[in-house]
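Take a look at the structure first, then read on.

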Amino acid sequence: MSATATLDDWKSRAASLSIRGQAFIGGKSEASETGKTFDCVSPIDGKVIAKVAACEAPDVEKAVRAARAAFESGVWSNMAPAKRKRVLLKFADLILKNRDELALLETLDVGKPIRFSTVVDIPGAAAAIAWYAEAIDKLYDEIAPTDPSAIAMIMREPVGVVAAVVPWNFPLLMASWKIGPVLAAGNSLILKPAEQSPLTALRVAELAAEAGIPEGVFNVVPGFGETAGQALGRHMDVDCVTFTGSTEVGKLFLKYAGESNMKRVSLECGGKSPNIVLADAPNLDAAAKAAAFGIFFNQGEVCNAGSRLLVQESIKDEFLEKVMAVGKRMQPGNPLDPATMMGAMVDRTQTERVMGYIEAGRKAGAELKMGGKQANTESGGFYVEPTVFDKVDNGMKIAQEEIFGPVLSTITFKDAADAIRIGNDTIYGLAAAVWTRDITTAHKVARALKAGLVWVNAYDAGDITIPFGGYKQSGFGRDRSLHALEKYTQLKTTWINIG
Ligand code: NAD
């Protein structure tokens, strides 16, 4: 579609879309073993847009066998890195070539604005896969500085069969942060998309095959967490689970691993990130815009959303006005309209959850300054207004629990030490930000915050070159950057006696 595409253009493209709902196992699209399907509902209008294979343990069994056979055959795991690179670059290229179709699937499936799925989600996914493809034939192994009577080679080998279990907020983008390094390192992959968002994963599996990724190397098993997700977590022949999702489910994967084959688990989980604005912030307008986008972008369904706004007392009223002025311009609308900045919540359950938190905030005595209601209910879809609470105490539920919706909790602080104390008073540690013109304060606060990623005078900035992941109950292991390869490779030492 051209840059000038309208709501009607996207609607007519959506009407002519053919949507795949079958699992992708061993290079083929297939119904689930039981024949069961589940409804894929678009949150734009609450209508069913596809029937999707509901994979369960037998399908997982089939996928693991296909993945294992491909891995042991060496067809991918033993392919020269330069050749794997070319296949993966073609794959990334095909994702870009099919950008509009994939963006449309993502928008229909989860309700995110088309203006963002076309420029953030899909190109971001292609870029992530291309980045790891480019890296893989430039990495060298090591020779240890042993006694000269030996040569000890320390080499990285792929771990084998990797299961990636991913969430619904950035379905393809979150998956791509795993697909890239998992495949680049030579593993076989079984991707389990969230039940709310299976469509792009299924389409992309076909593109992987078209690019030349051998059968069995890239499998997709759509289905529910309790069934397909748990079967992967407990499978005796899955070597590694790479998970992105809630802290609650992340803990289950540790349990599954402990009760099965001690598979490696890496967890990218929830957050309640503090966005700290000191009175000497260099540009309050820029900080306010970033704070508003930090919580309202993607309907607040962002793991590193700046959901706790910590503002120095002396500028709180002025700053909050500026944040709300930006937020007011982000009222939810039809996600297929290129003008829409905020779309639909992923489904009814999530909408009710968010509304429950808004109610809890009110009851706890926080002051509702903006929003707080559902919107566009006549559409049949699920929309929540951008919502701002003031006078929040950090002990309140809305400041402690991840809401995963467009709800901002504003908390004031006296000085930097106070901000650090409040910022760290959470079970999470995914991201944080500090706004100040004082370089010493910036470094001190950044160092004291217990988070995997700290921004100074920015919010939600970054790219594939930097690691992403959390401290504390936000998880462990990192997506993005070369560090991600550590999760999907293991060290083999070969000691050669030449004495
Ligand atoms: P979720 O934990 O409910 O689901 C994530 C995945 O786990 C889905 O594929 C789901 O089917 C599966 N699952 C659910 N229950 C399961 C079970 N009992 N056994 C096995 N698998 C199960 O999370 P969600 O609601 O899809 O996504 C929102 C969460 O994801 C938020 O907490 C958010 O912070 C987090 N997230 C984190 C990051 C990050 O990089 N740290 C990025 C995006 C989202």
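## Elements around the ligand

Three elements each supply at least two residues of the shell around the ligand: helix H8 (225–234), strand S10 (240–244) and helix H9 (247–259). Keep in mind that this is a predicted model.

## The shell

How many residues surround the ligand? The count is 30. The closest are Val166, Glu195, Ser246, Tyr256 and Glu402.

What is the make-up of this shell by class? It has 17 nonpolar residues, 8 polar ones and 5 charged ones.

## Polar contacts and burial

An N or O atom in the side chain of Glu402 is 2.5 Å from a ligand oxygen. Glu402 is also among the closest residues of the shell. For Lys192, a polar side-chain atom lies 2.9 Å from an oxygen atom of the ligand.

A polar backbone atom of Gly225 is 3.2 Å from a nitrogen atom of the ligand. How much of the ligand does the protein bury? Taken alone, the ligand exposes 840 Å². The protein buries 91% of that.

Where does the ligand sit? It sits in the largest pocket. The volume of this pocket is about 920 Å³. Its lining counts 38 residues. Closest to the pocket centre are Trp168, Gln196, Gly245, Ser246 and Val249.

Several elements give two or more residues to the lining: helix H6 (171–184), H8, S10, H9 and helix H12 (348–364). Which of them gives the most? H9 does, with 6 residues. By class, the lining has 18 nonpolar, 11 polar and 9 charged residues.

Notes:
Residues numbered from 1 in each chain as written. Predicted model: local features only at pLDDT ≥ 70, side-chain atom pairs only at ≥ 80, totals over all residues. Heavy atoms only, no water. Near = heavy atom within 4 Å. Polar contact = N/O pair within 3.5 Å; in protein donor to acceptor, adjacent residues only side chain to side chain. Areas by Shrake-Rupley, 256 points an atom, 1.4 Å probe, with all protein chains shown as cover. 1 Å grid on protein atoms, 1.4 Å probe; cavity = no way out; pocket = protein on both sides within 12 Å on 5 of 7 lines; lining within 4 Å. Sits in = over half its atoms within 2 Å of the grid points. Helix = DSSP H or I, 4+ residues; strand = E, 2+ residues; numbered from the N terminus. Nonpolar A, V, L, I, M, F, W, Y, C, P; charged D, E, K, R; others polar. Points joined across faces, edges and corners; volume = space filled by probe spheres on them.
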